[in-house]
Amino acid sequence: MNKKVAFYTLGCKLNFSETSTIARSFEKEEFERVDFSEKADVYVINTCSVTENADKRFKTIVKQAQKSNPEAFVAAVGCYAQLKPEQLAAVDGVDLVLGATEKFKITDYLNDLTKNDRGEVHSCEIEDADFYVGSYAIGDRTRAFLKVQDGCDYKCTYCTIPLARGISRSDTLENVLRNAAEIASKDIKEIVLTGVNIGDYGKGEFGNKKHEHTFFELVQALDKVGGIHRLRISSIEPNLLKNETIDFVAQSNSFVPHFHIPLQSGSDEILKRMRRRYLTNLYVDRVNRIKQVMPHACIGVDVIVGFPGETDEHFLETYHFLNELDISYLHVFTYSERDNTLAATMENPVPKSVRSKRSKMLRGLSVKKRRAFYESQLGSTRTVLFEGENKSGYIHGFTENYVKVKAPWNPELVNTLHEVELTSIDEDGLVRFEYASNKILA
C-alpha cells in the first residue's frame, strides 16, 4: 500500500505554488496525495507569518491532522517555520520543522515516520537562502500560479518576509518559459505570475546581483508562449511597475488588464515611516497611466491600517486618497506587531480597537469601489473563464478585467472561455450576463 500525504497551505499564492512543488516530490517517492480532511500518514503544513491570525491558525490545523490520524507524522514548513522554528516544534503533535532552504528537501527527512516527543528542527541562517527553486501550482483546472521570483531586498519596517525568505532571487528566463509551456500543455487557461517582489525579477538569476533580464523582458517573452490564453500579474510594487510594462500589457496577446499594486498608506509621512520606496504622487501616476491606456482595467490595492504613529489625520488622508482614486477594490490589512521588525519598536502604537474601526471603514470603501467598478462595466462585452466549483447551484467565473460573474450551474462550462455581455448586478454583488455568441472561445 502506498503511504498517503496531505497538505495544508496558509498565506499567499507563492506558498500555494511551493506546496505543489513539494507535493510533486512526494509523488516521486510514490506517496498518494489525499485531502487534508482525510486520513494520511504524513501531514505537511505550509505556514505563513504575514498576519497574526496565520500564526494562531497553525495550532488548529495541527489538531485537525491529529484528529484524522493521531499516529500521523506532522511537518511544518514555510515562512513561520523559518522565523519561529522552536515555537512550532513545541506545538503538541508536530514532528518536523523545516526552514527556508530545507522545505524542498522534505522527503529526505522522512526515512522514519515515527512520532517524535518534540519537533525536530532543521532551519538555516536566512543568509543561506540564496538559491532558487522554481515552482508552479495547479490548484484547479482553470488557473495555475507560476513562481518567477523569491525573497526581497526591501527593508519595509513592518515586514518579516526578508527574514523568512532571504534575498531577492529569480528563476532563469528559460525555466520560467519551460514551466509556462508545461502548464499550457495541461489545458489550463490562465497563469498567475507570483513571487515576493516580482517587479524585481532578473536579480539573482545567476546567483548574484546581476540583472541579465528585467521584469519587462519576462513579460515580453511570456506573451510569446503558445497555448496560454491569459497571463495575470499577481502583485507588483508601484516603483517597479514601469510605463513600458503598462503599455505592453495594453496591447498584449495574453496579459489581462488587471493590476494589483500595494499602496499601504495614502499618507506620505506614514509611507516614509514604513520605508516604502515611493510616495503617493508616484502611485497616482501609475493608476492614471493604466487608466489612460486601459480605461476598463481593474486595479486592486493593498493597504495597512493602524501602523504605529498613524493619527486620525493620517488615516483620513489615506481614506480620502483612496476614495478619489480610480481603483477597483482594496485588500485591507490591520497592522500587527511582528518580532524583529523596526515598526514593533516604534512609539505611539495605535490601540487595537482603533485599528479595527479603521479596517472596517476601508473594507466598506472597498465594497463601494468594487460596486462602482462593476457598474462601469455593465453593457460591455468581456471574456469569461468559468471556474470548476458548484456554489449553491451556481457557477462563477472571472472576466479578463476581474469582474466576478455567476450563472446557473452547468458542468460543461467548467474551464471554458466565453464572450459575454455584462447586464446586471445581482443581490450578492456578482454580475449577470448574456452570451454574446454561442461559440466557445477555448
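The structure is a predicted model, in which local features need pLDDT of at least 70 and side-chain atom pairs count only at pLDDT 80 or more, whereas totals for chains, interfaces and linings use all residues. Residues are numbered from 1 along each chain as its sequence is written, and side-chain values use heavy atoms, with hydrogens and water left out.

Glu18 is found in helix 1, which spans residues 13-28; helices (H or I, at least four residues) and strands (E, at least two) are DSSP runs numbered from the N terminus. Glu18 counts as buried because its relative accessibility is 0%, where buried means under 20% relative accessible area, exposed over 50% and partly exposed in between, with a 1.4 Å probe and protein chains only. Setting aside residues up to four places away in sequence, Glu18 touches Asn46, Lys103, Phe104, Ser135, Lys147, Asp150 and Arg165; contact means heavy atoms within 4.5 Å.

Lys147 also belongs to strand 8, where it is buried on one side together with Arg143 and Phe145. In total, 5 of the 5 residues of strand 8 (residues 143-147) are buried. Two strands pair if DSSP finds at least two bridges between them. Strand 8 runs antiparallel to strand 7 (residues 136-138), with 3 bridges, and Ala144 is the bridge partner of Ile138. With strand 11 (residues 190-194), strand 8 runs parallel and forms 5 bridges; Phe145 there has Val192 as its bridge partner.

A nonpolar core is a set of buried Ala, Val, Leu, Ile, Met, Phe, Trp, Tyr and Cys residues joined through side-chain atoms within 4.5 Å. The largest such core has 54 residues, and those with the most contacts inside it are Leu146, Leu193, Leu222, Ile290, Leu322 and Leu362. Helix 7 (residues 215-222) supplies the largest share of this core, 6 residues. A second, separate core of 22 residues includes Ala40, Tyr43, Val74 and Tyr80.

Three strands form an open sheet in the order 13-14-15, with parallel pairing. Its edge strands, each pairing on one side only, are strand 13 (258-264) and strand 15 (329-334). Strand 14 (residues 298-305) and strand 15 are joined by 6 bridges, and Ile304 has Phe333 of strand 15 as its bridge partner.
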